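Reader: I would like a close look at a single part of this model, followed by a connected account of its surroundings and of the chain as a whole.

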Amino acid sequence: MIRAIATVREAGASRLVLEVPGWPGQRPGQFAMLGLEPERLRRDPLLPRPMAIYRGDASALEFRFKVVGRGTRIMAELVPGAKLSLLGPLGNGFELPSGPATLVGGGSGIASLYELARVARPAPRVLLGGRTGADILGLADFDALGLELSIATDDGSLGRRGLVTDLLAPRAGETVYACGPLAMMQRAHELAAAAGARCRVSLENPMACGFGACLGCAIKTPAGFRYVCTHGPVFDSASLGWEAGS
Ligand SMILES: Cc1cc2nc3c(=O)[nH]c(=O)nc-3n(C[C@H](O)[C@H](O)[C@H](O)COP(=O)(O)OP(=O)(O)OC[C@H]3O[C@@H](n4cnc5c(N)ncnc54)[C@H](O)[C@@H]3O)c2cc1C
Ligand code: FES
């Protein structure tokens, strides 16, 4: 059982900081399953929810999330000292680029990319998008990394008006990393393929267990079924059957 140290509800996303004694560390792009403490679970049988590890070290783990339903609403209302269950680190995470890279994040998917932006060398380009400026999660943190950073918003309240993929111009030989809405990741895949770049996408499918037991996160790919929790969440975009809407 772990404890919340801080919870902050912000305009576009909430921030949850947890004390996790003995945390083994994480690779960029890995996630955790966050759930209610067993005592509360008896009254409210809520499945744990998958959340990207935004950043973390031996003393604290941080998550950034959007309130979309019951689970995230409960998480956003936790008070410091509240108890939670945590399972992680889970998933394959991102393979670090060996050359130039562009990171493309949309909405809550931005949370999966911060650690990668922080550790990737050479420093990647970062493109972030949201409905409004307030939806660009972790903007100050990305800004502080001193990277080439561009923003697009649907309403033009920050950066360029339009889609974040409008900013994407992949270079041959580079790696594009994308996390966000499916249509955004598909567009990143198409632009990368046309330019001769690799593309890795991190999928955010709903999950029940997070470790391969429930088979609830299965996706159909041209090579057969894959499980987002254990084979992913990061996939080579070329391995996914976009045409079939996987
Ligand atoms: C590996 C992974 C990492 C993730 N990391 C983050 C993160 O860092 N920050 C963050 O904000 N979110 C993240 N998500 C998404 C997050 O897990 C869901 O938003 C959350 O589970 C919703 O739970 P809920 O109980 O609030 O909503 P629910 O009550 O379960 O759902 C409410 C509504 O949202 C829809 N919905 C639920 N899950 C999703 C989803 N994944 N995509 C689109 N619509 C959905 C449902 O269909 C429903 O209409 C991640 C998901 C995965 C798989
Ligand atoms: S979430 Fe249970 S198998 Fe993937």
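Which are the buried residues of H5?

Author: The model is a predicted one, in which local features need pLDDT of at least 70 and side-chain atom pairs count only at pLDDT 80 or more, while totals for chains, interfaces and linings use all residues. Residues are numbered from 1 along each chain as its sequence is written, chains are lettered from A and ligands numbered from 1 in the order in which they are written, and side-chain values use heavy atoms, with hydrogens and water left out.

The buried residues of H5 are Met184, Met185, Ala188, His189, Leu191 and Ala192, where buried means under 20% relative accessible area, exposed over 50%, and partly exposed in between, with a 1.4 Å probe and protein chains only. Helices (H or I, at least four residues) and strands (E, at least two) are DSSP runs numbered from the N terminus. The cover over the buried residues of H5 includes strand S8 (101-106), strand S12 (175-179) and S13. Helix H5 comprises residues 182-195, and its 14 residues should span 20 Å at 1.5 Å a residue, which agrees with the 20 Å between its end C-alpha atoms; the expected span is 1.5 Å times one less than the number of residues. Just after H5, Gly196 takes a positive phi of about 75°.

Leu215 has a phi near 65°, a positive value in a residue other than glycine, and its relative accessibility of 48% makes it partly exposed.

Further along, Leu240 lies in the segment after S16 and is buried, because its relative accessible area is 5%. Contact here means heavy atoms within 4.5 Å, and, leaving aside neighbours within four places in sequence, Leu240 is in contact with Val201, Leu203, Ile219, Thr221, Pro222 and Phe235. The C-alpha atoms of Leu240 and Lys220 are 8.0 Å apart in space, although 20 residues separate the two in sequence. In the loop between strand S15 (224-227) and strand S16 (234-236) one finds Pro233, joined to Gly232 by a cis peptide bond with omega about 15°.

A cis peptide bond also joins Gly88 and Pro89, with omega about 0°, and Pro89 is placed in strand S7 (residues 83-90). Ala52, in strand S4 (residues 49-52), counts as buried because its relative accessibility is 13%. Apart from neighbours within four places in sequence, Ala52 touches Gln30, Phe31, Glu62, Phe63, Ala111 and Ser112; Ser112 is 60 residues from Ala52 along the chain, yet their C-alpha atoms are separated by 5.2 Å.

As for the whole, the chain has 5 helices and 16 strands, and 50% of its 246 residues count as buried. Residues 24 or more positions apart account for 58% of the contacts with a separation of 6 or more. With 246 residues, a compact globule would have a radius of gyration near 18 Å, which agrees with the 17 Å of the chain; the radius is taken over C-alpha atoms, and the globule rule is 2.2 Å times the number of residues to the power 0.38. The C-alpha trace spans about 55 × 40 × 30 Å along its principal axes.
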